[in-house]
Structures are given as structure tokens and as C-alpha cells.
Amino acid sequence: MPHADIEDEYGSSLREYAAGGGEPALGRAYELGRRALIEERSLVELASLHHRTVLGLIRQAGSGKDREELIRLSGEFLAECLSSYEMAHRGFQDAVKALRQLNETLEEEIKRIAYAVHDEAGQLLVAVHLALAEVALEMSEPQQAQFTRVKEMLNEVEKHLRRYSHELRPTILDDLGWVPAIRFLADGVSKRANLPIHIDAAVFERLPSTIETTLYRIVQEALTNAVKHAKASNVWIHAWRENLVLCCSVRDDGAGFTIHQDKNPPLRKGLGLVAMRERVSAIGGTLQIQSRPDHGTELSIRIPLEDEHTNSHPARR
Ligand SMILES: Nc1ncnc2c1ncn2[C@@H]1O[C@H](COP(=O)(O)OP(=O)(O)OP(=O)(O)O)[C@@H](O)[C@H]1O
Ligand SMILES: [Mg+2]
């Protein structure tokens, strides 16, 4: 619908309601609000349309009493018109709340798996070690030499399992904060993938645990993508504060990819970037992705902080 239509219709419907149009005219206010929402008109646009219309009607109104009545009815009309926005806003708040709860559940599940890998798999390996030691007692010397190799491999398995379980849900994240946790993660990824990861973090205070977990998960996925897709030579992680906004960027100099700006991008199988966006929006932040084939990828995250977090106790670096 062209812009003029909604403007004209708003004027005529409000005029009709002010002239005693009652419920049918009020119904039109509701429909107009829905249309404005579908047409993605902002609240500011709608308020200014209302203001212009009321101004026009007031100029035509007679006595002061008529004007007073006109303003009262215009208020009712506007409230009805805005009810769609109100419902959409509530729906959005509910969705964010559900998303936050979902992430918390997910985080609990990750914790459970991390502990299971660490404790249960760790215990099983100890049992395997003991059983093997018993078998080894009855072995000849050449067999024992071969056997030592098996033990070394088992030790490697144990080391890797421990490392993965810690990266899955590092205890440092809770104990020391997200910056040390990211350093720990980057160190592991860097060694495994032979990829230099440069960290420059100028954030020294602890943040609420949901924010710290979100940041950790995003950097974790960004590093996985940098290794898996980008085949990057370097990754830079940068974190800093701009007053009450926490900023973090993860940049790689790898293969890059084409970002689809249209509303219906081609179907992707991956969940990583989608999950990142959802995690960030669940805590009121934003995520921007910049990438071009052969020009690397940069993720920029901005998370609003509450005043009280500016003076919290410092985190270890
Ligand atoms: N750093 C990057 N460099 C190059 N391409 C990337 C990078 N990050 C993402 N991509 C591209 O974007 C796609 C979507 O990434 P996303 O993380 O959402 O999914 P995925 O990694 O393919 O799968 P999943 O994360 O679910 O295991 C990738 O398949 C890849 O083509
Ligand atoms: Mg991914």
C-alpha cells in the first residue's frame, strides 16, 4: 500500500470516530495499526501521522469544549491503533524470555555432559589402566615394550578428553571469568589447529554469568568456524568497553563467505551463526557479521551493560 493511503485513511477514520463513529470506527483504528505494523512503519512515524491529523482536526474544531472532546477521542483512537504494537512488543518480550530459558537449559545440559565426560569417562579410563597393568604383569619383555605404547596412547586419550570437557564448560569461566576462559580455549584451538590467535582484551571486571557464558559460546563457535571454514592464518579477538556497552570482535583472515541480505536467504544446514544471533538477542545485544569471499570474516558483538556492572570486582586477565 502506498504511503499516502494509510495517511488518508487515518485522517478519515479518526474524523469519523470524532464525529461519533463509535465501535466500527474504532475497529478501523485497530486495522490501521495492524497494517502499519505489517508495513513496518515505526512508532515515531505513526505518532507523527497522528499528530498531523489531530492538528488538522483541531484547526477545524469550534469551541474549546469541542477541542477538548476531540483530543479525548483522538487519544482513544490512537490507543486502539497502537494495540497491535503493544501485542507485538509483548510477543517479542515473551520470545526473548523463552530464548533465555532455553539457553539456560542448554547450558545446564552442556555442564552435565562436560562433567560426565570428565568424571565418568575419566573413571573408566582409570579402570582400563588398572586392568591393563594386571595383564602386563604376565607379559614377556618385548610384549611389555609394545604395551607401553598402548599406555601412552591411553594417556593421550585421557588428556584430550580432559581438555575437551574443560573447553565444553570451563570451570575458569565461573571462577575467573570469560577472558581467562577464552584465553584457555584459544590456547587449545591454536595448538590443535596450528592457528595463531591474538587476544587483546581491555575488559577487567566480571560480568553477569549469562553475559560471560554468551560471550564464551560465541567466541567458541567463531573459532570453530575459523578453523572449519575459513582455513585462516590468523584470528584476532578484541574486547573493550564503550561506556555501558561491552564490545567484542572476532576477525579472521581466511576464505570469507557471501552474506545474504535478503529476508529469505537460501536454506543453510549450519546452526552456529543462527545460535550466536539468538544468544546475543536473548541478552539484548546485537551481532554484526561482515564477510566477503577471500576477504576474511569479522563478527562484532555489542552487549548493553547495566550501571552496576561498571564497578564490579575485577576479573583476572
Ligand atoms: N569464519 C568463517 N569463514 C568462512 N566461512 C564461514 C565462516 N563462518 C561461517 N562461514 C560460512 O557460513 C556458514 C554457516 O556457518 P554456521 O556456523 O552457521 O554453520 P556451520 O559451521 O556450517 O555448521 P554448525 O555451526 O551447525 O556446525 C558455514 O557453512 C560457512 O559456509
Ligand atoms: Mg559453525
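Okay, a bit of bookkeeping to start: Ala, Val, Leu, Ile, Met, Phe, Trp, Tyr, Cys and Pro count as nonpolar, Asp, Glu, Lys and Arg as charged, and the others, Gly among them, as polar. With those classes, the shell around ligand 1 has four nonpolar, six polar and four charged residues.

Keep in mind that this is a predicted model, where local features need pLDDT of at least 70, side-chain atom pairs count only at pLDDT 80 or more, and totals for chains, interfaces and linings use all residues. Residues are numbered from 1 along each chain as its sequence is written, chains are lettered from A and ligands numbered from 1 in the order in which they are written, and side-chain values use heavy atoms, with hydrogens and water left out.

So, the ligand. Of the 14 residues around ligand 1, the nearest are E221, N225, H229, L271 and L273; being near takes a heavy atom within 4 Å.

Now the polar contacts (N or O pairs within 3.5 Å). E221 puts a polar side-chain atom 2.9 Å from a ligand 1 oxygen, and a polar backbone atom of L271 is 2.7 Å from an oxygen of ligand 1. T297 has a polar side-chain atom 3.5 Å from a nitrogen of ligand 1. On its own the ligand exposes 600 Å², and the protein buries 77% of that (Shrake-Rupley, 1.4 Å probe).

Which element gives the largest share of the shell around ligand 1? That's α7, with five residues. The helices here are DSSP runs of H or I, at least four residues, numbered from the N terminus.

Conventions: Polar contact = N/O pair within 3.5 Å; in protein donor to acceptor, adjacent residues only side chain to side chain. Helix = DSSP H or I, 4+ residues; strand = E, 2+ residues; numbered from the N terminus.
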